[in-house]
Amino acid sequence: TLDFCRTCGLVTAETTREIISVARGLFKAQGFYSAYKDIEKAREAIRDGNFENAVTRSIACLESVMCVCHEKLGQSLPSKKQVSDLWKSTRSILRFDELDPSEATLKLMNALSGVVNHLGGLRNKLGDAHGKGIFSPDVSETIAELAINTASTLSTAISRRFNQIKGGSSNERN
């Protein structure tokens, strides 16, 4: 019943629904179809309480956004397959370090490298992308929601920056 759904512990936070909705809209509008599919699968996984898969699909979404940027800009993907290498390459081709001439955001860009690296580690340890031992990790809704929100926010920033670069926006530095 609706009353049960309102009290259920699996109710996703309104902020999470909003972040995902914005990301899905951007992906659809910009033709990032693989990222759209990944974020939709992550949303469904968190809704259904499959938190391991929500973690996996969230990071897959981030990777898809970065891969699409490379493809649409005619850039080759890095030879190493780690998400951190993909971020490093994406950061370069989208000229993220040029966003702020005063370099006030450079520390943020460097911190995002750590975030991306840790998201990859989260997927490896807690996601369902790799085989399991005797015991599967216990992934909480909080961690799954953190993964989907972080990956969605990063993906949104990347797709917006891609749009600036691709469109040659006069507002490219902002």
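The axes themselves are lines fitted to C-alpha atoms, for helices over the stretch in contact, and the angles run from 0 to 180 degrees between N-to-C directions. The structure is a predicted model, in which local features need pLDDT of at least 70 and side-chain atom pairs count only at pLDDT 80 or more, while totals for chains, interfaces and linings use all residues. Residues are numbered from 1 along each chain as its sequence is written, and side-chain values use heavy atoms, with hydrogens and water left out.

The packing of α3 against α7 illustrates the angle classes. Helices here are DSSP runs (H or I, at least four residues), numbered from the N terminus. The axes of α3 and α7 come within 11 Å and cross at roughly 160°; the two helices are therefore roughly antiparallel to each other. Their crossing is left-handed, a term that applies if the near helix is turned anticlockwise from the far one by less than a right angle. On the α3 side the contact (heavy atoms within 4.5 Å) is made by I39, A42, R43 and I46, and on the α7 side by E141, A144, E145, I148 and S152.

Helix α2 also packs against α3, at an angle of about 155° and with the axes 8 Å apart. α2 and α3 are therefore roughly antiparallel to each other, and α2 passes α3 in a left-handed crossing. In this pairing, I20, R24, F27 and K28 of α2 meet Y33, A35, Y36, I39, E40 and R43 of α3. Between α2 and α7, the axes come within 9 Å and cross at roughly 35°, again in a left-handed crossing. Residues of α2 in that contact include I19, V22, A23, L26 and F27, and those of α7 include I148, S152, S155, S159 and F162.

In soluble globular proteins, nonpolar side chains tend to be buried together. A nonpolar core is defined as a set of buried Ala, Val, Leu, Ile, Met, Phe, Trp, Tyr and Cys residues joined through side-chain atoms within 4.5 Å. Buried means under 20% relative accessible area, with exposed over 50% and partly exposed in between (1.4 Å probe, protein chains only). The largest nonpolar core of the model has 40 residues, and those with the most contacts inside it are F27, F32, L62, L94 and I158. Two or more residues are given to this core by each of α2 (14–30), α3 (33–47), α4 (51–72), α5 (83–93), α6 (106–126) and α7 (141–167). The most comes from α4, with 10 residues. Leaving out residues up to four places away in sequence, L94 touches C69, L73, I158, R161, F162 and I165.

F27 lies in helix α2 and is buried, with a relative accessible area of 0%. Apart from neighbours within four places in sequence, F27 is in contact with F32, A35, Y36, I39, C61, V65, S155 and S159. F27 and R160 are 133 residues apart in sequence, yet 9.9 Å apart in space, C-alpha to C-alpha.

A search of the whole structure finds 3 aromatic pairs. Rings of Phe, Tyr and Trp (its six-membered ring) pair if their centres lie within 6.5 Å; planes under 30 degrees apart count as stacked, over 60 as edge-to-face and the rest as tilted. The rings of F27 and F32 have their centres 6.4 Å apart and their planes at 25°, so this pair is stacked. F32 also forms an edge-to-face pair with F162, at 5.5 Å centre to centre and 80° between the planes. Because F32 lies in the loop between α2 and α3 and F162 in helix α7, this second pair ties together parts that are 130 residues apart in sequence. F32 is buried, with a relative accessible area of 0%, and F162 is buried at 4%.

S58, in helix α4, is buried with a relative accessible area of 0%. Neighbours within four places in sequence aside, S58 is in contact with A42, A147, I148 and A151. T56 likewise lies in α4 and is buried, with a relative accessible area of 8%. With residues up to four places away in sequence not counted, T56 touches R123, G127, D128 and A129.

Definitions and conventions: Angles under 35 degrees count as roughly parallel, over 145 as roughly antiparallel, 65 to 115 as roughly perpendicular and the rest as oblique.
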